[in-house]
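Keep the viewer open as you read.

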Amino acid sequence: MKCLVTGGAGLIGSHIVDKLLEKGHEVVILDNLDSQTHPNGKPDWIPKEANFIEGDVNNYDDVKKALKEGVDSISHQAAFGGFTNSISYYFDVNTSGTAKIFEVIREENIEINKFVMASSQAIFGEGLYNSKELGNFHPEPRSVEQLKKKKWEVICPSSGEEAKPVPFSENLEPYGVSPYALSKYFEEMIGLAFGKTYGIPVAALRYAVTYGPRQSVYNPYTGVFSIFSSMIVNNLSPLIFEDGNQTRDFIFVGDVADANVTLLESNLDSQQPFNVGTGNPTKVIDLASSLCKELNSNVKPKISEEFRYGDSRHFIHDSSKLKEYKWEPKYSIEDGIKKYTDWFKTQEDVKTTFPEASEGLRKIGVIQSSD
Ligand SMILES: NC(=O)c1ccc[n+]([C@@H]2O[C@H](COP(=O)([O-])OP(=O)(O)OC[C@H]3O[C@@H](n4cnc5c(N)ncnc54)[C@H](O)[C@@H]3O)[C@@H](O)[C@H]2O)c1
């Protein structure tokens, strides 16, 4: 394969690049070195063997230049993420940028055999829940009124009891309300629909929360491992929204990169979404405590009881569909935390801009206080 990896300088893209090269494929990277993620420019982990093109996925000529390198497959990872003060920019990069790639493919008559794209669990808003009265149900996002009263758990709308999270498959309805969630949902729809229109097999990978070495230590808006770690090494308590008992299905970046390469090399011949998670939830408070311990700090996590409307309470991925392609997550959360912190300790003079960034988000109501 000669594979274009968009966003190939970033966390997930860079690990996909390494795996493709390891397996003897050729790689072209298109990445605009977004300043929030890469304030010091091109990171040193971009291999010489990859053809690196600095450019924007939402720029026709940049995408054309990358695709005209003889590319026959695409791993589309470039995106703008997290909870920030932007709205429209999510759609410029994630939605319009994805549409632009298909536009160039069509206009320039480029034959693409496989298109694997990064979707996100965020498109669902909330995970799947179970209550005695309703059985399994997919709730709307928890309301601001509920969250203000510190009622953090999802409530069964029929009985008023707390509902229990259960694993969800690919059939869950999208319910995301944040600009990121909506833009990723439209991105996925564009990929699946245009793949069908132009006869390109497409896999939309709905990643769980992904972490690992190379997660930007500069971006205060996304990447909980780096946000917490950079606060800890600056002797600040990692700030935890809600009560800390919310869970995430944290997946190690090597497993996500494997999922991409597995599908790029597969015989997939249709357009399909796939969950990519471990199925093992971890409490956010436990993650913060483990990071404090692994970074040899006496700092303790701080529960803020603040919240972000549209944030999920629990997500547990059922990735059985992807396992049919012989993919299996290999890293436990303990191994992954160790690998991440070993790398983080090699990063020099890490600062944190989270306190100022979160103050800005409070002013515009993205972060809200409970009563
Ligand atoms: N990390 C997660 O927890 C997670 C979870 C679900 C989905 N995803 C998705 O996975 C993909 C990769 O995420 P990541 O965690 O590696 O993020 P990242 O920020 O580390 O990498 C994204 C890369 O895309 C580049 N980029 C941003 N805008 C661009 C543009 N307009 N044109 C070209 N390049 C651009 C950035 O410079 C960066 O190198 C994204 O599509 C993201 O939405 C990530």
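**Starting at a hairpin**

Ser-131 sits opposite Gly-135 of strand E7. What you're looking at is a predicted model, where local features need pLDDT of at least 70, side-chain atom pairs count only at pLDDT 80 or more, and totals for chains, interfaces and linings use all residues. Residue numbers start from 1 along each chain as its sequence is written. Helices (H or I, at least four residues) and strands (E, at least two) are DSSP runs, numbered from the N terminus.

Strand E6 (residues 128-131) pairs with E7 (residues 135-137) in the antiparallel sense over three bridges, and two strands count as paired if DSSP finds at least two bridges between them. E6 and E7 make a hairpin with three residues between them. E6 also pairs with strand E8 (residues 164-166), again antiparallel and over three bridges; there, Leu-128 has Val-166 as its bridge partner.

Now for the open sheet: seven strands in the order E3-E2-E1-E4-E5-E9-E14, paired in parallel. Strand E3 (51-54) and strand E14 (271-276) are at the edges with a single partner strand each, so one side of each has no neighbour in the sheet. On average, neighbouring strands are turned by 20° against each other, direction ignored. Touching is a matter of contact: C-beta atoms, placed from the backbone, within 7 Å.

Next, find helix H1 (residues 11-22) and helix H7 (residues 253-264), which pack at about 60° with axes 9 Å apart. Axes are lines fitted to C-alpha atoms, for helices over the stretch in contact, and angles run from 0 to 180 degrees between N-to-C directions. That angle makes H1 oblique to H7, because under 35 degrees is roughly parallel, over 145 roughly antiparallel, 65 to 115 roughly perpendicular and the rest oblique. The contact includes Leu-11 and Ile-12 from H1 and Val-253 and Gly-254 from H7.

Finally, the ligand. Of the 31 residues around the ligand, Gly-7, Gly-10, Leu-11, Ala-79 and Ala-118 come nearest; a residue is near if its C-beta atom, placed from the backbone, lies within 6 Å. H1 gives the most to this shell, with three residues. Strand E2 (26-31), helix H3 (88-107) and strand E5 (114-120) are among the elements giving two or more.

Technical notes. Contact = placed C-beta atoms within 7 Å.
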